[in-house]
Every structure is written in C-alpha cells, then in structure tokens.
Amino acid sequence: MIDIEISKEQIIADYNRSLSMPHSKEKSELLRELVAKADIIKDHYMRKYLRWMYASELMRCGDQGKVFPIVAEYIALRDEEEEWVPPGGVDGIEYMSDYCLEVLRYLPQISLSQAEAVIKKIEEMILYNRLGRRLYFQRMFRFYDTIDTYKALDYFKQFKSVRRDMFSDCRACEQQDMVRLFFRIGDMSRADELAKPILDGTLECHDVPRGVWQIYLQRALDYKDLKKAVPIAENLYRKSVIGDPTDLGYFGAVMRCFAFSAPERAEMLLKKYIINWEPLWDREKWFSFVIGAWTVCHELAKLKDIMVIELQVKSVPFWRKDGIYNLEELGDWFYNEALNTAECFDRRNGTNYYVQELERAACSMEYKEGQRFFLIKII
C-alpha cells in the first residue's frame, strides 16, 4: 500500500537508498513503488528517470519481459515533450529503446505488426538522436533471425557498416549475437568461426560465453551427444544463479542435459524452481525451461512413478494438496506448455522454427546409440 503523504524529497531519499542495494527482487520492488509514487506527485522528470532505473534493474535481475510496458509508459512521457533531444543531454531514451528492442523478440504475446509499429517509433528516435544506431541494427538482426533471414542479414550488413559509439553493446555481446544469427540461419561454419574468441575466453562478459554455451549445448543434446553436452552443461551450471529469472533459460538447458547424465541433480533443479513458481513474461527463457522440465519428468518416469514436493505457491496449475505428483502427468503438462509456447512464437513469426526445435528435443529423447537418427519426427 502506497502512503498518500508523499514528497519529492522522500522519493529521492528512497532512491539513494536503493543505490547501495544488491541487484535483487527486493530492489526491483522498491523501484516499482518509487515509480508509482512519482506518478502520484506528477513529477515528469522523476516519472521518466525512475522508469529508466526500474527497467534497468529488471534487465539485470528479473523477468526481462516485464520491461515492455515500462518502456511504453516512458515513450508516452517522452512524447509529451516538445523536443526529443533533452536539454540536459542523455535521459535514457537510447537505453530504454534498447531494452524494448531486446525484449520484443521474447514476447510472442505481441503481434508482429504491433512489434514492428513499436520498432518504427523507436527507429525514428534513434535516427533523430544519431546515437545508438549500431546497437539498433544489432537488435534488429537479432529480432529477425528466426523470422526473416533476408531482413536479418540486411540489418547485419547495416550493423557492420556503422562505427561503435558510447551506446554500443560490449564487444563480447556483439560477437555472441553474430554467432547466434549464423547458427540460427544454418551457416554453422561461420557460426563456429565467430564462436572461437568466445569459447577460448578472449571475449567475455556477464552473459558471454553463457549464451553461446547454451546454443551449442542444445545442439549437442539434439544429437544426444553427451560427451560434448555434459562439460558445457557443467560450465553453464557453475556460471548461472539459481533463483535469478534472467538465468532460467540457462537452467532449462542444464536440466535437459542432467536428465540424461545426472537425474538426481536434474530433479533437484526442477524442485528448486517449482517451489517458488513464477512463469516468465520472457517466453524464450520460459520455452527453454519447460523443455528442460519436460525432459526431466520424462527421464525420471523411467525410474519411478511419483515425485514428492511441497509447493509454496498454490497458484501452480498442477498444484496438489498432498504434494504427490505423477511424473508422467507432470511431464505431459510441461510438454503441452512447451508446445503452446512454440506455437505462439511461430504464429507471431509466421514460421515453424520453435515447433521444430521442440520436435528435435522429442526425437533426441528417444534416441539410442547405434540407431539411425532422424531429427524430424515421422508420424
């Protein structure tokens, strides 16, 4: 409940207090409350600035998909101003635009036409300010890499033609996005070449090499090549944080591997998440997680019938009062959730990329060494 006795000085004091807090759910919640308080006192600058800070915290440690409405509100506030270039210089528009473009690809809840309308609006702001163009083109080739190969490559060409500036992504993240682009369009030789400076440790940051590890881990698992998969999964497990929503996609890939190589650890990871159930707006991370969860249930069901867990959140769709869960039924729930998510992405994108990704995971689960192996299920 927000106190109606609110002052600008109090908001500033609370914001300054947030600066010493670690990245966490508690810090995100405090910033969310400060945004609401700034709205009450109708301080235009603070309403913009605190939305920028709140969005930044969600991108760092939270459900990144929830950034989208914050950015939409920020842009609406920006439109109230006479000039797009603020008198005091940088006011966060380049960062907020970047956050929006980053999460749009993870939100199939937003139609392609709606997404492209938002993109057009942001493009006008970016081109007007002339800063952040390289980052804009980077986000665009990443957005289209599973939608339209020709558009993705055209934006990649524009990305390569623009020099870095103060808003450019770090070199490691740029390299990782290039690897992902060529991996997804099927040019594996170029993807492998671009991945070398990441895999040998030359380029590294908060998310790099984890993003590259994840795509190579999933590829190894598609072929059920556990000799390659297990070391990557172990690295990804050590470098990621259980309980951080931004790392949920990584743990989905790790669980998928551990389901085959270390079932007890896979079950432990699944239980740690289910206990504090919170589906993500970011559906790509969610998609990776539910595939991993389904794989764990599928493999555990070969060893036992049930899994016992006392869920803390009764809003879980499959919640049972007795805490006893049939693994086959639980696996079916996760599979249907993965299928629904894949179909949602593919409807938005006009492709079958995600459904095929799910089919490869399904086929690889049934593969036994020595069999002739097909990546496409034959019905």
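**Ground rules**

I number residues from 1 along each chain as its sequence is written, and I use heavy atoms for side-chain values, leaving out hydrogens and water. Because the model is predicted, local features need pLDDT of at least 70 and side-chain atom pairs count only at pLDDT 80 or more, while totals for chains, interfaces and linings use all residues.

**Entry 1: salt bridges**

I looked up salt bridges (a side-chain nitrogen of Lys or Arg within 4 Å of a carboxyl oxygen of Asp or Glu). I found 38 salt bridges by this rule.

I started with D98 and R139. Their closest N and O atoms are 2.5 Å apart. D98 lies in helix α5 (residues 93–104) and R139 in helix α7 (residues 133–143), so this pair ties together parts 41 residues apart in sequence. My helices are DSSP runs of H or I with at least four residues, numbered from the N terminus.

Next I checked burial. I call a residue buried under 20% relative accessible area, exposed over 50% and partly exposed in between (1.4 Å probe, protein chains only). D98 is buried at 14%. R139 is buried too, at 7%.

I also noted a network of salt bridges. It links D98, E102, R139, R142, D169, D177 and R180.

I turned to K196 and E193. Their closest N and O atoms are 3.1 Å apart in a salt bridge. Both sit in helix α10 (residues 188–199), three residues apart, about one turn of the helix. K196 is partly exposed at 47%. E193 is partly exposed, also with 47%.

Then I took K271 and E267. Their side chains form a salt bridge at 3.4 Å, N to O. They are four residues apart in helix α14 (residues 263–275), about one helical turn. K271 is partly exposed at 23%, whereas E267 is buried at 11%.

**Entry 2: α15 against α16**

How do the axes of α15 and α16 cross? The axes of α15 (residues 283–300) and α16 (residues 327–349) come within 8 Å and cross at roughly 155°.

I listed contacts (heavy atoms within 4.5 Å). Among them, W286, F287 and W294 are on the α15 side, and F334, Y335 and F345 are on the α16 side.

Methods
Helices (H or I, at least four residues) and strands (E, at least two) are DSSP runs, numbered from the N terminus. Axes are lines fitted to C-alpha atoms, for helices over the stretch in contact, and angles run from 0 to 180 degrees between N-to-C directions.
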